[in-house]
Structure formats: structure tokens, C-alpha cells
Amino acid sequence: MGGPVASAAHGNGLKVEWSRWTPGLSTLLRYEAAWLGHDVVAGLVLATMLVPVGIAYAVASGLPGICGLYATIVPLLVYAVLGPSRILVLGPDSALAAVILGVVLPLSGGDPQRAVVLGGMMALVSGTVLILAGLGRLGFVTELLSKPIRYGYMNGIALTVLISQLPKLFGFSVAGTGPLRELWSIGGAILAGRTNWVAFAIGLGTLATILLLRGNRRVPGILVAVVGATILVGMLDLAERYAVSILGSLPEGLPRFAIPWIAFDDVVPVLIGGCAVAMVSFADTSVLSRAYAARTRTTVDPNQEMVGLGAANFATGFFQGFPISSSSSRTPVAEAAGARTQLTGIVGALAIALLLLVAPDLLRNLPTSALAAVVIASAIGLFDFTDLRRIYRIQRWEFWLSIACFAGVAVFGAIPGIGLAIVIAVIEFLWDGWRPYYAILGRPAGIEGYHDVTRYPEARRIPGLVLFRWDAPLFFANAELFRERILAAVTDSPTPVRCVVVAAAPVTSVDVTAADALTELDEALLAQGIELRFAELKDPVKDKLRRFGLFDRFGETRFFPTIDAAVSRYLETK
């Protein structure tokens, strides 16, 4: 009799597990007929923007334009099954362009086929990192980069992307490694008279159109600008008459499966670049995903978001694509067009696939200066100075951290820049724990509780007792400082000290190094006839002290639930 019940329970368990890993498919299986019209229209509207933007970001990343469409079709289809967000749009992104270009350009040596292979392997690396991180429930990792550091990095990326597109906007090419050297080469080329003024006029007009129509939800500015530039070049035959560089015919057909084998010498830079892309893409995606989840009143699992994004990257790496992310410009287009579910992305992907099968020459006359304008417009949108002004007003040192990250990317490029951002983030984290705030406590008249005597100089201190508060976890980087500060507090006490009570509520953890430092401190204090006690120490920290053998050393009588209890015991035994 238990068989059918057990079988049903097992079936329900499998269903729950299956729906957890394929949230998009679960949504599609519960699809409502009323959503269909909205999703189809939104998908078709979205496709009109996906095509020019995908091509533009591929070119900006150092790959053939067609790769941008391949890197749009595959991720949209994969994310529709594995992605938890209903209307998030994935594809090539301007924030990743500089990182990808920094790896692809020097390694490919101008060979487009090698560039495709390098881009594909970067996508496999970033996809693998994201999937493993999601399965390991490491969705919190990107939160280790503080806002000022993220702002500095993204502003540096925006400047790098913008500079990389200036030669195409002016109608020439330059050789330069690093944003500043490239900018110097661009200035030299302009002064040497190498500007193609017709191409520049087309690019500038495209950029102006995009920026003027950016706030208009009814008129797709990018589509209008790109279509207008393409028609103008075709009708006036500007490619032949004025040597305006154009996209040319796209390869006919859909992307083919291929394993992107790279040379052994390329492994290290590709691994570094792939990991950098993974961090940037998930940082952007997690923020955008949470924002739209709040607007649609749904919940999104950040770990599944990482898995879905990683699977999309991994899949596109086998189909001549390159690393992708969510889009803060195309997702609002989908939302404004009425998207309800992941079917919007499927319709957009199928529309692009149909374009490649039926009309690959449709965008043959698309000028590269117009594509550069599309990327520059997106790069301008990446800059964020408003919040930096606020940070400058309230905390100067974090503002300068942001500027340091910005300068690192602007001077050294995207890959070294993200390395610098991570190093600064780690230093910032360690510094806060390494040199934390501490206080000697007293009791101010008319105020409940014990407070910092430097803020309340009139606070009454109990003779023979030092109340010491340490506002951080105790670990290897600050253990010696903790010991020194307590011994200094004993020395500086206005009365001979008989007892030290550590107000330990802020101490959330203790490691082995800190435990040994506590033993040394206790021995040093006992040699002076002083007893070390603890108040408000959290139970998990007590558990660690038990494992380290310190709880037995100190004994139960040295631990108190509150500061008042510790003070009362001292006064009773004084």
C-alpha cells in the first residue's frame, strides 16, 4: 500500500528538482494564451534592435559581424529554458567588448578565423566558471566588489570601448595597444588628414539620431538610425564613390557546431579573459535581474541566474559565438513592447535566424561608422558620474578608490583593469578588518548602556575595570593588533586594572591565529594579576572557542550574556 504513495512522492520530488533547474521551461509549460500576442510582437520588435547591436558589438570585440548574430540566437534559446528571469534579454554587450577585444586582438593577429576561435573559447571558459559558481551557490561573490569600485571599473570600460570605436567613426584604422596609446594614434591620424569625412558624417549623424531618440519608447532610435544610414550608403553608392567601409554580405545559413581549439600559448590569456568576462557579466546580470524581478513582483534565484547565464555562454562557444551578458538597453525594449515571458527571446532568435536564411544581403550596405556609433552610444550610457558625486561628498577615500580603478582600466586596458579592481577590493576588505574601530567604554550620565569614552568624555569608568569593544571579526590580520590594543588600554587606565571585559558582540568569528593570540593575551594579563572576560559573545563563536580548546582554558565563569552582567559580577567580587 505504501508503494503508490512512495512513487507519487518520488515523482513530485523529481518534478520539483526538474522545475528548479529549468525555470524557463516551467514557465512555458504553464503558458497562458493571453500572453502569446504580447510575446510575439515584443519578439519581433526586439529582433529589429538585436541585429544591428549584435553586429556592432561583434565588430567592437574584434570578431566578424556575423558572430554577433550567432551570439544572439543561441543564448536567447538556451536562456529561454534555463533562465529564471521572464523578460531578461541576453546577447553581446558593450561592457564586455573591451575585455574580449583585449584578448582577441593581440592573439588573432588580424586573422578573423582565429578571432572566432578565441572568442568561442572565451565563451566556453566564462560559461564553465558561471555554471560551476552557480552550482556551488556562489551567487554572492560579485557582491564583494563595492559600488565605488564597480563604478570606476565600468567607467573605465566605457572609456575604453568609446576610444576603440573612434577610428571606425573617423573612417580609418590605427595600431595601438592600450587606450591611451590608441588615443594618441587616433590624434596623430586625424592630424595627418586620414579622416574619411563622408564616413564620419554618417557615423556622427547615426550617433546623434540614437541619442536624440534614446528617451522615446515608441520610436526605436537604433533601428531608425542604422536603417537610415544603410539606405543612404546604398542609394548614393558611397562605398564605391567615397571608400566608405561597409559590413558586406553576411554568410548564409545558421551557425554550425564547432569546437574552438586554441593554441597552447593562448590558454593563459583566454582563461584570464574568460574569468574576467564571467565576473562582469554576472555582476551586470544579477543587478538587472533583481531590478526586473522587483518590477514584475517575481523572485529570481541568483544561483540559477548564474547557471542560466553560464549555460548560454557555454552553448554559444560551440556555435561561433563569443561571451555574452544581459542587456540593460535591449531588456527595456522587450518590456516596453509588452514582453510577458521567455517566449519573447525565442521569437527574437527565430526572426534573426530567418533573416540569415532568407535575406543575408539585407544589411550589406550597413556602414561600419554607423556600427561604431551604435557602440559609442551604448558606451556613453555606461558612464555613471551622478552617484560618484554623492560618494565624493560623503566618503572621499571611496571616491578615490573608484578613480584608481577607472585609471587602471584607462591606462592598462580592461583585463589588467579588472585585476586591479579585484586587488583593490581585497585590500579594501582586509583593511577594514585589519584596522577596525575599537573603543574603551564608560557609562555616560543620563544615557542607558556603555559607550565610547572618546565620544562621551564625561562617561564614568569603573575603577579597576577596562571595558573594551572590538568592532570586527578576530582573524589572522588583526589578532596581534587586538592584543596590543588591550595591553595598551591596561597601561593607559587611570586606575590599576584587575579585570578586562571584551564587549564581543561585533566579533562574528575567530580563526586559529586569533585563538592563539587570545591565549598569549590571557597569559600576559594573568602575569599582571588581571583576568580576561567576555560579554555578549555569540554562540557560534563560542563553539569555535570550544573546538580550539579555549573554552576549557577560560572556563564558563568568564563568559557573560551582557555587559551589565559582567560589570555586576566584577563589582560583586571586587
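Predicted model: local features only at pLDDT ≥ 70, side-chain atom pairs only at ≥ 80, totals over all residues.
Residues are numbered from 1 along each chain as its sequence is written, and side-chain values use heavy atoms, with hydrogens and water left out.

Helices (H or I, at least four residues) and strands (E, at least two) are DSSP runs, numbered from the N terminus, and the expected span is 1.5 Å times one less than the number of residues. Within α8, Pro179, Glu182, Ile186 and Ala189 are buried. These residues cover an arc of only 80° around the axis, which puts them on the same side of α8; the arc is that of the directions from the helix axis to the C-beta atoms. Arg181, Trp184 and Leu191 are exposed on the face turned away from the buried side of α8. Buried denotes under 20% relative accessible area, exposed over 50%, and partly exposed in between (1.4 Å probe, protein chains only). The cover of the buried α8 residues includes α7 (147-170) and α18 (396-412). Glycine 193, with a positive phi near 80°, follows the helix.

Helix α9 (residues 197-212) has 16 residues that should span 22 Å at 1.5 Å a residue, and its end C-alpha atoms, 22 Å apart, agree with this. Its buried residues are Ala199, Phe200, Ile202, Gly203, Thr206, Leu207 and Ile210. Viewed down the axis of α9, these fall within an arc of 165°, so they line one face of the helix. They pack against α7, α10, α11 (238-241) and α16 (368-382), contact being defined as heavy atoms within 4.5 Å. The face turned away from the buried side of α9 carries exposed Trp197 and Leu212.

A nonpolar surface patch is formed by Val227, Ile231, Leu232, Met235 and Leu236, which together have about 460 Å² of accessible area. Patches consist of residues with over 30% relative accessible area and no salt bridge, like charges being joined within 9 Å and nonpolar side chains (Val, Leu, Ile, Met, Phe, Trp, Tyr) within 5 Å. Methionine 235 is located in helix α10 (residues 221-236) and counts as exposed at 68% relative accessibility.

Ten salt bridges are found in the whole structure, each a side-chain nitrogen of Lys or Arg within 4 Å of a carboxyl oxygen of Asp or Glu. Arginine 443 pairs with aspartate 564, their closest N and O atoms being 3.6 Å apart. Arginine 443 lies in the loop between β3 (438-442) and β4 (451-452) and aspartate 564 in helix α24 (residues 563-573), so the pair ties together parts that are 121 residues apart in sequence. Both are partly exposed, arginine 443 at 30% relative accessible area and aspartate 564 at 40%. In helix α20 (residues 479-492), arginine 483 and glutamate 480 lie three residues apart, about one turn of the helix; their salt bridge has its closest N and O atoms 2.7 Å apart. Arginine 533 forms a salt bridge with glutamate 531, with 2.5 Å between the closest N and O atoms. Arginine 533 is buried at 10% relative accessibility, whereas glutamate 531 is partly exposed at 28%. Salt bridges with shared partners join Asp522, Arg553 and Arg558 into one network.

Definitions and conventions: Areas by Shrake-Rupley, 256 points an atom, 1.4 Å probe, with all protein chains shown as cover.
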